[in-house]
Amino acid sequence: MIRIAIVGTGNISHAHVEAYLRFPERCKIVALVDIVPEKAQKMKEDYHLTEAEVYDDHQKILSRKDIDLVDVCTPPYVHASISINSLRSGKNVVCEKPMAASLEECDEMLRARDESGKKLAIIAQNRFRQPISNLKKLLDSGLAGKVLCASVTSAWWRGHCYYDLWWRGTWEKEGGGCTLNHAVHHIDMVCWMMGLPQAVTSVMANVAHDNAEVEDLSLSVLQYPGALAQLTASVVHHGEEQELVFQCEKAKVAAPFSVYASISKPNGFPIENTELEQKIRDFVDAQPQLPYEGHAGELENVLSALEKDTLPAIGGEDGRRTIELITAVYKSGATKQTVTLPL
């Protein structure tokens, strides 16, 4: 039985608690921590977490030897400190996105993991969604050919009052704007599917939220060997449409799933390749269904990693790679210059 402490009982923590409650024979929540302990107490009551002790400071759980896993669901500015303290106290850690607010903090977290010998997982739950899993396997299969051009859209809409919350919209507490805290999912996915680019050119702006220090819109071009990708991060897009589109040598494939394949007429103009499109659809249809999706899928993987003493599917290096690309976007936007990677 894996015994879990949840640190931070705000919005995202509910997805974690609900995921763990799907595996009552494998884990139990034994501690809830929040700087506003009344929130933790309400979570305890709402989810009938009768064995969970409530704390107002994560330091108070570090001496507990019965806690196997600390789940960090706080605002980003304390992800690193809570994770590092927990690892050094002999506890495994799963940390919500973004991993940390800087590469320096990421490296400190990795160092604490290595020195403690404990496991560190970073939340990127979209990898555990069926369309994203299918798309990754499809690209890896080579059916569509090499990626030539990708379009990654992280389009959300948030009202002006969204940034009235005390920790949001500040460089100190949130660490960044929509590029870090919304597009982090899509940046993780493009890194997973294509790796880090060689160079990044970005423009950032705050066009609709004058109560925030951070950007609410960024546009970036990512340069890969023989390929380009464009990345849009936004909280000003009505309709909140997110997608990943890969224009490959033989076909366009995308999530949400779509496919279109072209072959050349003798004059160079296109004609639809319906045979390849059907092969791609058949490949996608043949993929096994994920037993659990989203947070439940990733947290089940973390439980399995602890039970079997294996590595979690999404570890600290994955989280750091995402922060490295986000940092490059910020550096390029701030300096108005192309930034080369690795940093």
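Trainee: Which residue of β11 is the bridge partner of Val152?

Mentor: Welcome! This is a predicted model, in which local features need pLDDT of at least 70, side-chain atom pairs count only at pLDDT 80 or more, and totals for chains, interfaces and linings use all residues. Residues are numbered from 1 along each chain as its sequence is written, and side-chain values use heavy atoms, leaving out hydrogens and water. In β11, Val152 has as its bridge partner Leu244.

Trainee: How many bridges join β7 to β11?

Mentor: Strands (E, at least two residues) and helices (H or I, at least four) are DSSP runs, numbered from the N terminus. Two strands pair if DSSP finds at least two bridges between them. β7 and β11 (residues 242–248) run antiparallel, and the number of bridges joining them is 7.

Trainee: In which sense do β7 and β10 pair, parallel or antiparallel?

Mentor: Ser151 has Gln230 as its bridge partner in β10. β10 spans residues 227–234, and its 7 bridges with β7 are parallel.

Trainee: How many of the 9 residues of β7 are buried?

Mentor: Buried means under 20% relative accessible area, exposed over 50%, and partly exposed in between (1.4 Å probe, protein chains only). β7 (residues 147–155) is largely enclosed by the rest of the structure, because its buried residues number 7.

Trainee: Is His16 buried or exposed?

Mentor: His16 lies in helix α1 (residues 13–20). Beyond its neighbours within four places in sequence, it contacts residues including Asp71, Glu96 and His295, where contact means heavy atoms within 4.5 Å. Its relative accessibility is 0%, so His16 counts as buried.
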